[in-house]
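Colleague: Could you take a close look at one part of this model for me and talk me through what sits around it?

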Amino acid sequence: YVDNINLSHSNPTSIKTNVTNNVSFDVYPPPTKGETNLSINAVTAGNANVVVVNTLGQVVYSKQIELTVGVNTLQLDANNFANGLYTISVESTNGSMVKKLTVTK
């Protein structure tokens, strides 16, 4: 027999914490043949890291940029990228976001 069983929830794992993300971006044109534009919308100014990773997990592009409040545009030269799917992440003190980029030539 088992006696004296106590159940407690000191750190519940099933409750999702809402995280406010103050940075968002769009990638256009969706499938690219070379030049790609990132339209980054920032609520507050600050530094951000833009990183492009291929499907093998290799970083093929990395750049630190200074964000101003509002829409910031970054041109990304994908002419040297091989055909395939890439992951673009924008990380800043305002938050982070990840999008996909398809390169077709």
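Modeller: Let's start with Lys63, which is partly exposed at a relative accessible area of 38%; here buried means under 20%, exposed over 50%, and partly exposed in between, using a 1.4 Å probe and protein chains only. Bear in mind that this is a predicted model, where local features need pLDDT of at least 70, side-chain atom pairs count only at pLDDT 80 or more, and totals for chains, interfaces and linings use all residues. Residues are numbered from 1 along each chain as its sequence is written, and side-chain values use heavy atoms, with hydrogens and water left out.

Lys63 lies in strand E5 (residues 59–67); strands are DSSP runs of E with at least two residues, numbered from the N terminus. Leaving aside residues up to four places away in sequence, Lys63 touches Ala48, Asn49, Val50 and Leu74, where contact means heavy atoms within 4.5 Å. Val52 is 11 residues from Lys63 in sequence, and their C-alpha atoms are 9.2 Å apart.

Now for a sheet: E1, E3 and E6 form an open one, in the order E1-E3-E6 with antiparallel pairing, and two strands pair if DSSP finds at least two bridges between them. Strand E1 (23–28) and strand E6 (70–77) are at the edges with a single partner strand each, so one side of each has no neighbour in the sheet. Strand E3 (residues 35–42) is joined to E6 by eight bridges, and Asn37 has Gln75 in E6 as its bridge partner.

How values were computed. Helices (H or I, at least four residues) and strands (E, at least two) are DSSP runs, numbered from the N terminus.
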